[in-house]
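Subject: Structure handover

Hello,

Here is the structure I promised to pass on. Please look it over first, then read the notes below.

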Amino acid sequence: LTISLYFFQFTCGFSSAVTPTDTLMMAYNIVFTGIPPIVVGALDQDVRVAKLLQYPWLYKQGPRRGLYSRTIFWSAMAESAYMGFVCYWVTSNAIQFMHQGGGYNVHGYYQFTSILFCVNGYVALTTKHWTHLHVLAIFGCTLIYFPFCIVTASWYGEGGAAMAAFSDMTFWVTVALAVLIGLLPRFLSMAYQQGFAPTDIMVLREGNLPRSASHAIAVASRSKPDPA
């Protein structure tokens, strides 16, 4: 959200104007995007507990920096900047191309909705173990956004702008296009790794491997030298 709003400053001449309402800005981290990462962080599993107990060497990926490193950190930062720019660029150009009116209010709903769908879509895309709580947290926090916007926009006298944006087919096409372009690199990266460079966890996640194959993975993992 911050990166997307930064790029918007090029449109408004660095006047410090923001497109979403203050209520949406406050609810972004508390309501819409705060709960899904907490649920995923607490309940998500790479593989089932039985597999982890059967192959405890899988935990070595942590000390070996296979799950978190400077490269992974900066890649995530670059990916966030990319998605923020895409949400700004797609929504701004769509509004200009379709000659949409409404000023900052309508632009805010285009941009904020695209960001919200990108963020929660990213969480859903990277979730490996789905439960009812995952579905409730990710999709519930996303769907509650629309009635929240209509109710809170009426407080500022902008209920018409929210309804005008949500009832326009251009809005939905723009949001879908922004989310598709924003999440495409992550989807392609995951597809490539799953197909051509899978980790041991990805191999085990495919199902019940033959004992010989699982033993071969274990032997290969134990033979890898630990970093100095």
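In these notes, contact means heavy atoms within 4.5 Å. The model is a predicted one: local features need pLDDT of at least 70, side-chain atom pairs count only at pLDDT 80 or more, and totals for chains, interfaces and linings use all residues. Residues are numbered from 1 along each chain as its sequence is written, and side-chain values use heavy atoms, with hydrogens and water left out.

**The overall picture**

The protein chain has 12 helices and 0 strands. Both kinds of element are DSSP runs numbered from the N terminus: helices are H or I with at least four residues, strands are E with at least two. Of the 228 residues in the chain, 38% are buried. Buried means under 20% relative accessible area, exposed means over 50%, and partly exposed lies in between (1.4 Å probe, protein chains only). Take the contacts between residues at least 6 apart in sequence: 77% of them join residues at least 24 apart.

**N120 and its neighbours**

N120 sits in helix α6, residues 103-126. Its relative accessible area is 3%, so N120 is buried. Leaving out residues up to four places away in sequence, N120 touches F32, T33, P36, I138, C141 and T142.

**Helices α7 and α8**

Helix α7 covers residues 132-143 and helix α8 covers residues 145-155. Their axes come within 4 Å and cross at roughly 30 degrees. That crossing makes α7 roughly parallel to α8. Axes are lines fitted to C-alpha atoms, for helices over the stretch in contact, and angles run from 0 to 180 degrees between N-to-C directions. Angles under 35 degrees count as roughly parallel, over 145 as roughly antiparallel, 65 to 115 as roughly perpendicular, and the rest as oblique.

Which residues meet? C141, T142 and L143 in α7 meet Y145, F146 and P147 in α8. By class, this contact has 5 nonpolar, 1 polar and no charged residues. Ala, Val, Leu, Ile, Met, Phe, Trp, Tyr, Cys and Pro count as nonpolar, Asp, Glu, Lys and Arg as charged, and the others, Gly among them, as polar.

**Cysteines**

C141 is buried, at 8% relative accessible area. C149 is buried too, at 1%. How many disulfides does a search of the whole structure find? The search finds 0. The cut-off for a disulfide is a pair of cysteine sulfur atoms within 2.5 Å.

**Helix α5**

S92 is found in helix α5, residues 70-97. S92 counts as buried, at 7% relative accessibility. A polar atom of its side chain lies 2.8 Å from the backbone oxygen of Y88. A94 is also in α5 and is buried at 15%. A94 and H107 are 13 residues apart in sequence, and 9.8 Å apart in space, C-alpha to C-alpha.

**A loop proline**

P198 is in the loop between α10 (169-196) and α11 (200-205). P198 is partly exposed, with a relative accessible area of 38%. Not counting residues up to four places away in sequence, P198 touches Q193 and V203.

Best wishes

Key
Polar contact = N/O pair within 3.5 Å; in protein donor to acceptor, adjacent residues only side chain to side chain.
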